[in-house]
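This briefing covers sheets, salt bridges and selected residues. Please look at the structure first, then read the notes by topic.

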Amino acid sequence: MLDNNTQDLAGDVFENYKRYLNPPLARVMKLSGSPVEVRAQGTTIWDQHGKAYLDFAGGYGVFTLGHSHPRVIAAVREQMESMSLSGKTMFNVVLGRAAKRLAELAPGDLQLSFWCNSGTEAVEGATKLARAATGRAKIVATHDAYHGKTLGALSVSGREAFQTPFRPLLADVAHVPYGDASVLDEALRDAAAFIVEPVQGEGGVNVPPAGYLRAVREACDRAGAVFIADEVQTGLGRCGYLFGCNRDEIVPDVMTLAKGLSGGIIPVGAFIARPAVWNRAYAKQPLVHTSTFGGSEIACAAALAAMEVLVEDGLVENARERGAQLLEGVRAIAAEYPSVIAQTRGLGLLVGVELTSEGYGGWIIPEMLKAGVTAAWTLNQQRVIRLEPPLVVSAGEVERALGALRAGVATAAEKLGRL
Ligand code: PLP
């Protein structure tokens, strides 16, 4: 057991990061005053000094149920007593049950799922499925999209800086503006798939106009292209709907999931497809897409328990109500400080605060940390701070986070005034 309360711990961790992990990242984290996380429960993370932080970064969307949810932990513990990882040569009971429950919750006739270990793997699986199902190669995606960092997922993502060192990426990929359905008929000609997030998370929390996904559905139908909804971040309650697609009441052909799927306990990812699409790809070739660790007993036990908690505890409704409160509060702060905040956007508990300059986040986030609240950038858009707390967050906790944000923004405004 680590002695987590010593001052030495921070020095140790920094040295290990610097020597054995990622030296430049270590320096950036140190400069921004990043503490050492040692314990977490519910909406709270504790650092090496015992200081508590309200987690409004939420593991970038992983901690839908908060940290260390007791029901999920109990389910995993119980599962570990009998079998942890699949032997792969026999039927796996928990995988079957998790797949069934996911199909019951997913929109429409989404039914056949493949289980893997991360969001990017889910995207790889979904795009491969689309190619195999259509016999076409071209994948259309959106500017500023984030779908992961393995080569295929990176190819359909929309940030140059992440792509440039790795070119050439997947051929036959086109990008179109997000939220604009008028470009789709032209772009989707001969395409295998259109992949899109119901709300762009890492792109800076971009919420498309209502009806966009419906128009996407219609355009994909006209083009014979597979509609992949990447719900890795928006799925499972995050946006105040069980799935982001439910906002427009549409059924995509394939949906990808990860982040909140196991309630923040075990890495897991999945894609779920309509049988008509899945069968066209894999009815005769059941083993062309596989994963050794995917669908492990412990991941599936966690996912089953997490899906039950999400539904039984009314977390989707809470996300919608607390999300509205959070967005309203952020808008009030934005109205007070127009020199610092350019725009606020959000759906449910995925809220973005767009700053008037990229640099201001470097003042605001550390100030929030000092006040005991975590927040994070978005990966593709450094001007946007995201607020993405667990869906179990209370009204009082939202107010506390708003207080910390106000203090951070006020500090930025003050520094600006002095420049
Ligand atoms: N798709 C979306 C929409 C995401 O937001 C992310 C991660 O942020 C991914 C895919 C990649 O997931 P992972 O980091 O688990 O590979």
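In which sense do strand β3 and β13 pair, and over how many bridges? Strand β3 (residues 52–55) and β13 pair in the parallel sense, over 2 bridges. The model is predicted: local features need pLDDT of at least 70, side-chain atom pairs count only at pLDDT 80 or more, and totals for chains, interfaces and linings use all residues. Residues are numbered from 1 along each chain as its sequence is written, and side-chain values use heavy atoms, with hydrogens and water left out.

**Sheet with β1, β2, β3 and β13**

- An open sheet of 4 strands has the order β1-β2-β3-β13, with mixed pairing; strands are DSSP runs of E, at least two residues, and helices are runs of H or I, at least four residues, numbered from the N terminus.
- Its edge strands are β1 (37–41) and β13 (373–374), each pairing on one side only; two strands pair if DSSP finds at least two bridges between them.
- Aspartate 55 has threonine 374 in β13 as its bridge partner.
- Strand β2 (residues 44–47) runs antiparallel to β1, and 4 bridges join them.
- Arginine 39 stands opposite tryptophan 46 in β2.
- The hairpin of β1 and β2 has 2 residues between the strands, and glycine 42 takes a positive phi near 60 degrees there.

**Sheet with β4 to β10**

- A further open sheet has 7 strands in the order β4-β10-β9-β8-β7-β5-β6, and the pairing is mixed.
- The edge strands here are β4 (112–116) and β6 (173–176), each pairing on one side only.
- From one strand to the next, the twist averages 20 degrees; axes are lines fitted to C-alpha atoms, for helices over the stretch in contact, and angles run from 0 to 180 degrees between N-to-C directions.
- Strand β5 (residues 138–142) runs parallel to β6 and is joined to β6 by 4 bridges.
- Alanine 141 stands opposite histidine 175 in β6.

**Salt bridges**

- The whole structure holds 21 salt bridges, each defined as a side-chain nitrogen of Lys or Arg within 4 Å of a carboxyl oxygen of Asp or Glu.
- Glutamate 308 forms a salt bridge with arginine 101, and the closest N and O atoms are 2.7 Å apart.
- Glutamate 308 lies in helix α12 (residues 297–312) and arginine 101 in helix α5 (residues 93–105), so the pair ties together parts 207 residues apart in sequence.
- Both glutamate 308 and arginine 101 are buried (buried means under 20% relative accessible area, exposed over 50%, partly exposed in between; 1.4 Å probe, protein chains only).
- Arginine 238 forms a salt bridge with glutamate 388, with the closest N and O atoms 3.7 Å apart.
- This pair links distant parts of the chain, 150 residues apart: arginine 238 is in the loop between β8 (226–230) and β9 (254–257), and glutamate 388 in the loop between β15 (381–387) and α15 (395–418).
- Arginine 238 and glutamate 388 are buried.
- Lysine 370 and glutamate 367 meet in a salt bridge at 3.3 Å, N to O, and both lie in helix α14 (residues 361–370), 3 residues apart, about one turn of the helix.
- Lysine 370 is exposed, with a relative accessible area of 60%.
- A network of salt bridges links Asp109, Arg217, Asp221, Asp253 and Arg274.

**Histidine 67**

- Histidine 67 lies in the loop between α3 (58–61) and α4 (70–82).
- Histidine 67 counts as buried at 7% relative accessibility.
- Not counting residues up to four places away in sequence, histidine 67 touches Ala40, Gln41, Gly42, Thr44, Ile45 and Asp55, where contact means heavy atoms within 4.5 Å.
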